[in-house]
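This report is written for a reader who meets the structure for the first time. Please keep the sequence and the model at hand while reading.

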Amino acid sequence: MSLERFISQAVSSWMSADGPDSDIVLSSRIRLARNLSEFTFPTVFKNEEAKQVSETIEERLNNEAFSDKSQLEFLKMDDIQPLQKRVLVEKHLISPHLAENSTHGACLLSENEEFSIMVNEEDHIRIQCLFPGLQLSEALKAANKIDNWLEEQVNYAFDEQYGYLTSCPTNVGTGMRASVMMHLPGLVLTQQMNRIVPAINQLGLVVRGTYGEGSEALGNIFQISNQITLGKSESDIVEDLNSVVSQIIAQERSAREALVKTSNIQLEDRVYRSYGVLANSRVIETKEAAKCLSDVRLGIDMGYIKNISKTILSELMTLTQPGFLQQYAGGPLRPNERDVRRAALIRERIQMETQNELGG
C-alpha cells in the first residue's frame with residue numbers, strides 16, 4: 001500500500017456506503033485528541049521535540065495491524081508534495097492544519113480509509129473515525145477501540161480530575177469532537193438556516209462548513225459538532241448531538257415537503273436546470289459546481305431524477321475539488337484551466353452514469 005492508493009480513489013469506502021438517514025446525513029465522525037505524557041504539547045514544543053514525537057509514534061505503531069482492521073500506513077507530511085496533501089484534505093483523511101502548519105506532522109491511515117491517526121497536529125495524536133450516515137454511536141465504539149489499542153503502545157497525558165489534557169482548553173476532558181456532515185438544501189431554500197444556526201449554538205454545538213473551522217458550506221453541506229468536552233461523558237456528548245441532529249433531519253424533511261407542496265414546478269425546474277448545467281457546461285467554477293450538485297442530489301432524493309446514483313454525486317463533490325483536478329492533470333493548473341477540466345470531468349461522469357442506466 002502506498003500514498004497513491006489513497007489519492008487514486010476519489011471516494012473512500014465509508015463515503016460510498018449507505019447509512020441511516022443518508023439522504024440527509026452524509027457522514028458521522030468521532031475525533032479524539034490525545035497527547036503523550038513525556039513530551040511538551042505541540043503548541044509550544046520545539047522542532048527537535050516534534051521530531052522525537054513523530055519518531056516515537058512511527059517506531060511503536062508503524063506497520064502494526066490494528067485488530068481486525070487492515071495494515072496501517074505511516075505518511076510523513078514533509079515527504080508529501082503540497083498537491084498530494086491537498087488531495088488528502090479533500091478526502092477528509094487529514095485536517096488542513098496538519099497539511100499546512102504542522103511541525104514534523106504525520107498520519108497513520110487505515111487501508112479502508114475508515115480511520116486515520118494524525119500526528120503532531122494541534123495535539124500529538126488525533127484519532128478520527130468516519131462512518132456513513134448517522135452512526136455516531138458506532139463511530140464512537142470504533143474510536144474507543146483504537147484509543148485503547150494506542151494506549152497500550154504509548155503513555156497519555158491524563159489528569160484524574162480534568163481528564164485528557166490537550167493543547168486547547170476547550171478539548172480538555174474527553175478530548176472528543178463528535179460531528180456529522182449534513183446536506184440541508186431544504187432549510188437553505190426555505191431560508192430557515194439563519195434561524196437554526198443560532199439555536200444550535202445555544203445548545204453547545206457549532207455549525208461549520210464542509211472542511212471544518214473557517215471553511216464555507218459548499219453545496220449546502222454543513223458540519224455540526226459539539227463544543228463542550230469537559231464535564232460530560234463521551235456517550236452523553238453523542239446522545240446530545242444525536243438528539244439535535246434528529247430534530248434537524250425532521251426539519252429538513254419538512255422543508256423539502258413544503259417546497260414540493262408550494263413550489264413543486266419551480267423546484268423541479270431548479271433541479272433540471274442544474275442537471276443541464278452539469279451535463280453540458282464547458283467551464284464551471286467550484287461554487288457553481290457544488291450548488292448544482294446539491295440541487296441534483298436533492299432531485300435524486302425527491303425522486304425527480306432516477307438515472308444517476310447518489311454515490312456518483314458524492315464522488316463528484318470530491319473529484320471537482322482543486323487538488324483532485326490537478327492531481328488528475330499531473331501538475332498545477334491555473335484557475336481557468338481547473339474550471340475547464342472540472343466541467344469536462346463532470347460531463348464525462350454523468351455520461352457514464354446515463355450509459356450504464358441505458359445499458360442496464
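This is a predicted model: local features need pLDDT of at least 70, side-chain atom pairs count only at pLDDT 80 or more; totals for chains, interfaces and linings use all residues.

Asn226 belongs to strand β10, which covers residues 221-226. Its side chain reaches the backbone oxygen of Met176 at a distance of 3.2 Å.

When residues up to four places away in sequence are not counted, Asn226 touches Met176, Arg177, Ala178, Gly204, Leu205 and Ile237.

## Strand β1 and its two partners

β1 pairs with strand β8 (residues 176-183) in the antiparallel sense, over 7 bridges.

β1 is also joined to strand β5 (residues 125-132) by 8 bridges, and this pair likewise runs antiparallel. Within the pairing, Arg31 has Gln128 of β5 as its bridge partner.

Strand β4 (residues 115-119) is largely enclosed by the rest of the structure, because 5 of its 5 residues are buried. In a regular strand, side chains alternate between the two faces of the sheet. In β4, Phe115, Ile117 and Val119 point one way, while Ser116 and Met118 point the other way, and all are buried.

Strand β3 (residues 106-110) runs antiparallel to β4 and is joined to it by 4 bridges; Cys107 has Met118 of β4 as its bridge partner. The two strands form a hairpin with 4 residues between them, and in its turn Glu113 has a positive phi of about 65 degrees. β4 also pairs with β5 in the antiparallel sense, over 5 bridges, with Met118 standing opposite Arg126. The hairpin of β4 and β5 has 5 residues between the strands, and Asn120 there takes a positive phi near 60 degrees.

Leu134 is located in the loop between β5 and α6, the latter spanning 136-151. What is the accessibility class of Leu134? Its relative accessibility is 13%, so Leu134 counts as buried.

Leaving aside neighbours within four places in sequence, Leu134 is in contact with Pro20, Asp21, Val25, Ser28, Val180, Asn242, Val245, Ser246 and Ile249. Leu134 and Ser179 are separated by 45 residues in sequence, and their C-alpha atoms are 9.8 Å apart in space.

## Helix α10 and Ser294

Helix α10 (residues 286-301) contains 16 residues and reaches 22 Å from its first C-alpha to its last, close to the 22 Å expected at 1.5 Å a residue. Its buried residues include Ala289, Ala290, Leu293, Asp295, Val296 and Ile300. Just after the helix, Gly303 takes a positive phi of about 90 degrees.

Ser294 lies in this helix and, at 2% relative accessibility, counts as buried. The side chains of Ser294 and Asn220 are joined by a polar contact of 2.9 Å. Beyond its neighbours within four places in sequence, Ser294 is in contact with His183, Pro185, Gly219 and Asn220.

## Nonpolar cores

The largest nonpolar core has 53 residues, and those with the most contacts inside it are Ile30, Ile57, Ile125, Leu150, Met182 and Ile224. Another core lies apart from it and has 31 residues, among them Leu278, Cys292, Leu298 and Leu345. Cys292 counts as buried, at 2% relative accessibility.

## Cysteines

How many disulfides are found in the whole structure? The search finds 0. A disulfide is a covalent bond between the sulfur atoms of two cysteines.

Cys129 illustrates this result. The closest cysteine sulfur to that of Cys129 is in Cys107, 12 Å away, which is too far for a bond. Cys129 itself counts as buried, at 2% relative accessibility.

Note on methods
Residues are numbered from 1 along each chain as its sequence is written. Side-chain values use heavy atoms; hydrogens and water are left out. Two strands pair if DSSP finds at least two bridges between them. The expected span of a helix is 1.5 Å times one less than its number of residues. Buried means under 20% relative accessible area, exposed over 50%, partly exposed in between (1.4 Å probe, protein chains only). A disulfide is a pair of cysteine sulfur atoms within 2.5 Å. A nonpolar core is a set of buried Ala, Val, Leu, Ile, Met, Phe, Trp, Tyr and Cys residues joined through side-chain atoms within 4.5 Å. Contact means heavy atoms within 4.5 Å. A polar contact is a pair of N or O atoms within 3.5 Å; within protein, one must be able to donate a hydrogen and the other to accept it, and residues adjacent in sequence count only if both atoms are side-chain atoms.
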